[in-house]
Amino acid sequence: MLEASNLECVRGEKSLFRDVSFRLAAGACLMVQGANGSGKTSLLRMLCGLAQPAQGEIRWDGEPIRKLAEDYRGELLYCGHAGALKDDLTALENAQISATLAGAPVAEDAARQALRQLGLKGREDLPARVLSAGQKRRVALSRLLLEKRRLWVLDEPLTALDKAAVATLCGVIDAHLAAGGMAVLTSHQDLPLATTRIEQLRLDS
Amino acid sequence: MNWGSASEFFAMGGHAFYVWGSFGACALLMLVEPILAKKRRSQALIELKREIRANQDSQDETTS
Amino acid sequence: MNTRLSTRLSNWFGYASPATFYPLAGKMIPWFWALAAVFGILGLYISFFVAPTDAQQGEGYRIIFIHVPASWMSMFIYLVMAFWAALGLGFNTRLSGMMATSLAPTGALMAFLSLWTGALWGKPMWGTWWVWDARLTSELILFFLYIGFIALQSAIDDPRRADKAGAVLALVGVVNIPIIYFSVKWWNTLHQGASVSLTRSPSMAQTMLLGMLLMALAFWMYAIAVSLTRVRAIILERERHAGWVEELSEVQS
Amino acid sequence: MSAPAGQRPAGSTLGVPQEGAANSTERAQSANTRHPLPREGGRGDGGLANEPSLLAALSAVIRRDLLLAMRRKSDVLTTLFFFIIVVSLFPLGIGPEMAMLRQIAPGVLWVAALLATMLSLNRLFAADHADGTLEQMALSAVPLGVLVTGKVIAHWLLSGLPLALLAPVLGLQFDLASGSLAVLVVSLLIGTPVLSLIGAVGAALTLGVRGGGVLVSLLVLPLYVPVLIFGAGAVEADLTGLGATAHLSLLAAFLALAAFFGPWATTVALRIALE
């Protein structure tokens, strides 16, 4: 279970948000909403432990995430604005290498399977340089299928994706939640999820 | 006492340039540094006041 | 309970401290100036009027009364700076980062003075402005380390990141300074370079030591006074949106 | 659970705190682990932090960086040619007397090696920072220090090692005897990893900072002084017939020290840069 209590985010000298608290249990999904610059990405980076909150605490299964360090990171998958792809590597190499760097190496077959599932059949061995923005995004999202993590933190996962890909992605997220996973998402578009356990968090006020 | 006269003192046995060069540079820098530090503080104060006044002005406009 | 205590402690360090420290520093600064003046006058009196003329070096040796204290202070300030930096990194205290930032220019000044006076001393003694003496060379590298610290901090816009990055650099520097010093010393002995050595009769050495100590105390008090002045400026710059700053009498007037 | 909960999501009422995951029948498929997901993969019973996977991650980083360098060879070659050109310029500036050249050879080769290493330092983390890979590394279940060590080793393999292998050829330009050439290679082999390790700290500190490229040399070059002294000193000691063992063992001591502290400091600096 992911818990956040009284988080405050300070950027420069400005306080972006304060007193943000929530609990996220297994199988539930948190949609973070807010205008540009309201601190959505900052909150997500905080939840990952990349940034420290100015106030408050984030706990995973009751333990502060700072204390858990690698144990927490082993439960976590973060997908940010940058896709962490190397232009000079093929889609397949990118998928395999990022899984290995995350600490969960995958076999080539599994990686090919995941890329195919995301509609990249036939492009597995092309360098990422020649892929379109949407295709790159799909390669980046293949990590969702390859790394077995309980908590997904996805920052604008729908950016550059077409309708079919959005549907696929929603199916993947639904399956994850149904299996007892958790997800924290930001999105400017509507996310047609099947699950009913969606909680909203607004950062504006 | 080492010195017979003031001129002897300033001559430093022929090493005036080196001795006074050292002590002079030291005195000069140790005067300049605190002045710069104080200036930095007064600069910060001026900016602060300006900012506060600007905030007050904009508040007055919204209330009136 | 425990975590609540630690957050309260870090709150105290992190927020209350600059607010309480700012007026406190303001009250302390004149005292340190007074101490610096007293020690300085005493030290200068000894270095010019009590200490006798040197048999070999004539009057030129009097430079030692500022050269040695400046060298001492340049090293000491680096240690103090690294201490504050480490404290800031370890406990996330904001004031200690500001202290480290405000000490760096004074440390660089001391290192520069040490090099300057070293050169002016070297010319009449060895006939050249610069010798690759172990101590002078290490002092030069220490000066570079200060410059690096200041350059790094001024290149980073976010003050908290600047504090932390500076802290890592200062700590790496502190580990390296002894290694650099001994390497340079070894290199110096291998190349039979010149070395500053002073052998004096015990009574002479004692007067000199007293003079250097008094001057070092004066430099020390000066460094405290000037860095406190600077840290007050830094506090105002960084905390300008904190409520307590707007309530200060010097801001109100 | 005394912790204050602000907005309590509707979904969380289903999940019992703490062991909630295991209680749910729906999620009891993998009862042997606390991991509720059916796709059970590389992560076993929480025992990820065992040695084989750390080594696997280390070698994966090294292989990745080497692979990337192979796909873009010009970066590595630029550094090498810089080294060659700088070293070749010295005789032109100083004059062709062999006795003089022999005397300055160790210093020239070592200073050129320092500068060439500096040149490649900027690229060490910049690309990974720009495309988000560094963030993913910081979030990996593998300790960041291990991944950083891998990157530093790869940096050495791509900058220090080629320099060390190229140095004897350049040493011939300076009329060094074969014994001195061997000492030069050994000193570079031991010394250049230290340069990579210290340089990584500087590169991490200046990551994404204004004027980072120039700044990193300002930060790092003073710290290179001991390596320069003992690296060049080793060759010089051999030239004067004193034997280079003492110098080389001190260099090795520096290497041990840098290998111990370097990755740790780099990790701290990287986390600061990412925040």
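So, helix H3 of chain C: 25 of its 33 residues are buried, so this helix is largely enclosed by the rest of the structure. Keep in mind, everyone, that we are looking at a predicted model.

Let's stay with that helix for a moment. H3(C) covers residues 94-126, and at 1.5 Å a residue it should span 48 Å; the C-alpha atoms at its ends are 47 Å apart, which agrees. Now, where does H3(C) kink? Look at C:Ala104, shortly before the proline C:Pro105, and you'll find a kink of about 30 degrees. Then follow the chain past the end of the helix: next comes C:Gly127, with a positive phi, near 85 degrees.

A:Val10 sits in strand S1, which runs over residues 2-11. As for A:Ala111, 101 residues away along the chain, its C-alpha atom is separated from that of A:Val10 by 39 Å.

Last stop, chain D. How many helices and strands does it have? Eleven helices and zero strands. Of the 275 residues in chain D, 49% are buried. And if you take the contacts in chain D between residues at least 6 apart in sequence, 75% of them join residues at least 24 apart.

Notes
Residues numbered from 1 in each chain as written. Chains lettered and ligands numbered in written order. Predicted model: local features only at pLDDT ≥ 70, side-chain atom pairs only at ≥ 80, totals over all residues. Helix = DSSP H or I, 4+ residues; strand = E, 2+ residues; numbered from the N terminus. Expected span 1.5 Å × (residues − 1). Bend = angle between axes of the 7 residues up to and from the residue. Buried ≥ 20, exposed ≤ 12 C-beta atoms within 10 Å, placed from the backbone. Contact = placed C-beta atoms within 7 Å.
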